[in-house]
Amino acid sequence: DFWRNLENLPLFMSHLKSVRQLGEKRSHWEAKLPGNVGTVSWEAEIVNEDPGKVIGWKSIVGSDIDNAGKVEFMDSDDGKGTVIQAVISYLPPTGGYLKSKIAGLLSKV
(Lines give C-alpha, C1' and ligand atoms only; values in the text may rest on other atoms or scores of the structure.)
Protein backbone atom coordinates (compact mmCIF):
# COMPACT_ATOMS: atom_id res chain seq x y z
CA ASP A 1 0.00 0.00 0.00
CA PHE A 2 2.88 2.39 0.75
CA TRP A 3 4.36 1.90 -2.74
CA ARG A 4 0.94 2.10 -4.42
CA ASN A 5 0.52 5.61 -3.03
CA LEU A 6 2.97 6.99 -5.58
CA GLU A 7 3.19 10.32 -3.77
CA ASN A 8 5.23 8.48 -1.08
CA LEU A 9 8.08 7.63 -3.46
CA PRO A 10 9.98 10.96 -3.11
CA LEU A 11 10.26 10.18 0.63
CA PHE A 12 12.99 7.62 -0.12
CA MET A 13 13.97 8.26 -3.76
CA SER A 14 16.07 11.41 -3.41
CA HIS A 15 16.17 12.16 -7.15
CA LEU A 16 12.38 12.60 -7.26
CA LYS A 17 11.12 16.10 -6.60
CA SER A 18 7.46 15.07 -6.64
CA VAL A 19 4.91 12.53 -7.79
CA ARG A 20 1.30 13.64 -8.03
CA GLN A 21 -1.66 11.31 -8.56
CA LEU A 22 -3.85 12.51 -11.43
CA GLY A 23 -6.36 9.70 -11.11
CA GLU A 24 -6.56 6.06 -10.06
CA LYS A 25 -3.99 4.89 -12.63
CA ARG A 26 -2.33 8.08 -13.92
CA SER A 27 0.40 10.19 -12.30
CA HIS A 28 2.72 13.14 -12.97
CA TRP A 29 6.41 12.73 -12.07
CA GLU A 30 9.11 15.38 -11.63
CA ALA A 31 12.76 14.45 -11.08
CA LYS A 32 15.79 16.58 -10.23
CA LEU A 33 18.68 16.57 -12.68
CA PRO A 34 22.17 16.00 -11.22
CA GLY A 35 23.88 19.17 -10.03
CA ASN A 36 20.52 20.92 -9.54
CA VAL A 37 20.63 22.13 -13.15
CA GLY A 38 16.89 21.66 -13.54
CA THR A 39 14.13 19.10 -13.58
CA VAL A 40 12.50 16.72 -16.02
CA SER A 41 8.90 15.58 -15.88
CA TRP A 42 6.59 13.01 -17.42
CA GLU A 43 3.23 11.35 -16.98
CA ALA A 44 2.78 7.63 -16.47
CA GLU A 45 -0.04 5.15 -16.11
CA ILE A 46 -0.28 1.90 -14.18
CA VAL A 47 -0.82 -0.90 -16.70
CA ASN A 48 -0.43 -3.97 -14.48
CA GLU A 49 -1.42 -4.30 -10.86
CA ASP A 50 -1.86 -7.20 -8.49
CA PRO A 51 -2.16 -5.65 -5.00
CA GLY A 52 0.68 -6.66 -2.72
CA LYS A 53 2.49 -8.46 -5.55
CA VAL A 54 3.26 -6.21 -8.55
CA ILE A 55 2.85 -2.68 -9.89
CA GLY A 56 3.68 -2.13 -13.57
CA TRP A 57 3.67 1.19 -15.43
CA LYS A 58 4.56 2.92 -18.68
CA SER A 59 4.97 6.57 -19.58
CA ILE A 60 2.27 8.32 -21.56
CA VAL A 61 2.97 8.79 -25.28
CA GLY A 62 4.78 12.09 -25.80
CA SER A 63 6.50 12.15 -22.39
CA ASP A 64 9.96 13.74 -22.11
CA ILE A 65 11.32 10.40 -20.90
CA ASP A 66 9.97 7.22 -22.44
CA ASN A 67 9.96 4.67 -19.60
CA ALA A 68 8.30 1.51 -18.36
CA GLY A 69 8.84 -0.93 -15.55
CA LYS A 70 7.51 -2.94 -12.70
CA VAL A 71 8.08 -3.43 -9.01
CA GLU A 72 7.49 -6.90 -7.56
CA PHE A 73 7.01 -7.74 -3.89
CA MET A 74 7.83 -11.21 -2.52
CA ASP A 75 8.03 -12.69 0.95
CA SER A 76 11.61 -13.12 2.15
CA ASP A 77 12.91 -16.67 2.58
CA ASP A 78 12.63 -16.42 6.36
CA GLY A 79 9.10 -14.99 6.13
CA LYS A 80 10.06 -11.98 8.25
CA GLY A 81 10.21 -9.36 5.53
CA THR A 82 9.60 -8.43 1.93
CA VAL A 83 11.96 -8.63 -1.03
CA ILE A 84 11.41 -5.83 -3.56
CA GLN A 85 12.60 -6.24 -7.13
CA ALA A 86 12.41 -3.32 -9.58
CA VAL A 87 12.92 -3.49 -13.34
CA ILE A 88 13.00 -0.16 -15.17
CA SER A 89 13.68 0.68 -18.80
CA TYR A 90 13.95 4.20 -20.16
CA LEU A 91 14.97 6.20 -23.20
CA PRO A 92 16.38 9.66 -22.39
CA PRO A 93 14.98 12.48 -24.55
CA THR A 94 18.04 13.87 -26.35
CA GLY A 95 21.69 13.24 -27.08
CA GLY A 96 24.85 14.64 -25.59
CA TYR A 97 25.20 16.22 -22.19
CA LEU A 98 21.53 16.16 -21.21
CA LYS A 99 21.17 12.49 -22.17
CA SER A 100 24.15 11.49 -20.02
CA LYS A 101 22.86 13.50 -17.03
CA ILE A 102 19.39 11.94 -17.24
CA ALA A 103 20.88 8.47 -17.65
CA GLY A 104 22.94 9.05 -14.49
CA LEU A 105 19.89 10.27 -12.62
CA LEU A 106 17.73 7.30 -13.55
CA SER A 107 20.42 4.74 -12.83
CA LYS A 108 20.10 5.71 -9.15
CA VAL A 109 16.53 4.35 -8.99
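Visitor: Which residues are linked in a network of salt bridges?

Guide: Side chains of opposite charge can pair when their charged atoms come close. A salt bridge here is a side-chain nitrogen of Lys or Arg within 4 Å of a carboxyl oxygen of Asp or Glu. The network links Arg4, Glu24, Lys25 and Glu49. This is a predicted model, in which local features need pLDDT of at least 70 and side-chain atom pairs count only at pLDDT 80 or more, while totals for chains, interfaces and linings use all residues. Residues are numbered from 1 along each chain as its sequence is written, and side-chain values use heavy atoms, with hydrogens and water left out.

Visitor: Where in the chain do Glu24 and Arg4 lie?

Guide: Their closest N and O atoms are 3.4 Å apart. Glu24 is in the loop between β1 and β2, and Arg4 in the segment before β1, 20 residues apart. Strands (E, at least two residues) are DSSP runs, numbered from the N terminus.

Visitor: Is Arg4 buried or exposed?

Guide: Buried means under 20% relative accessible area, exposed over 50%, and partly exposed in between, with a 1.4 Å probe and protein chains only. Arg4 is buried at 16%, whereas Glu24 is exposed at 61%.

Visitor: Which strands do Arg26 and Glu43 link?

Guide: Arg26 belongs to strand β2 and Glu43 to strand β3. Their salt bridge is 3.1 Å, N to O. Arg26 is partly exposed at 37%, and so is Glu43, at 27%.

Visitor: In what order do the strands form the sheet?

Guide: Strands of a sheet pair through backbone hydrogen bonds, either parallel or antiparallel. Two strands count as paired if DSSP finds at least two bridges between them. Here 6 strands form an open, antiparallel sheet in the order β1-β2-β3-β4-β5-β6. β1 (16–21) and β6 (82–91) are at the edges with a single partner strand each, so one side of each has no neighbour in the sheet. Strand β5 (66–75) is joined to β6 by 10 bridges, and Ala68 stands opposite Ser89 in β6.

Visitor: Which residues line the second largest pocket?

Guide: Rolling a probe the size of a water molecule over the atoms shows where empty space is left. On a 1 Å grid over the protein atoms alone, with a 1.4 Å probe, a pocket is an open set of points with protein on both sides within 12 Å along at least five of seven lines; lining residues have an atom within 4 Å of a point. The lining includes Trp3, Arg4, Glu49 and Phe73. β3 (39–50) and β4 (54–59) each supply at least two of its residues.

Methods. Helix = DSSP H or I, 4+ residues; strand = E, 2+ residues; numbered from the N terminus.
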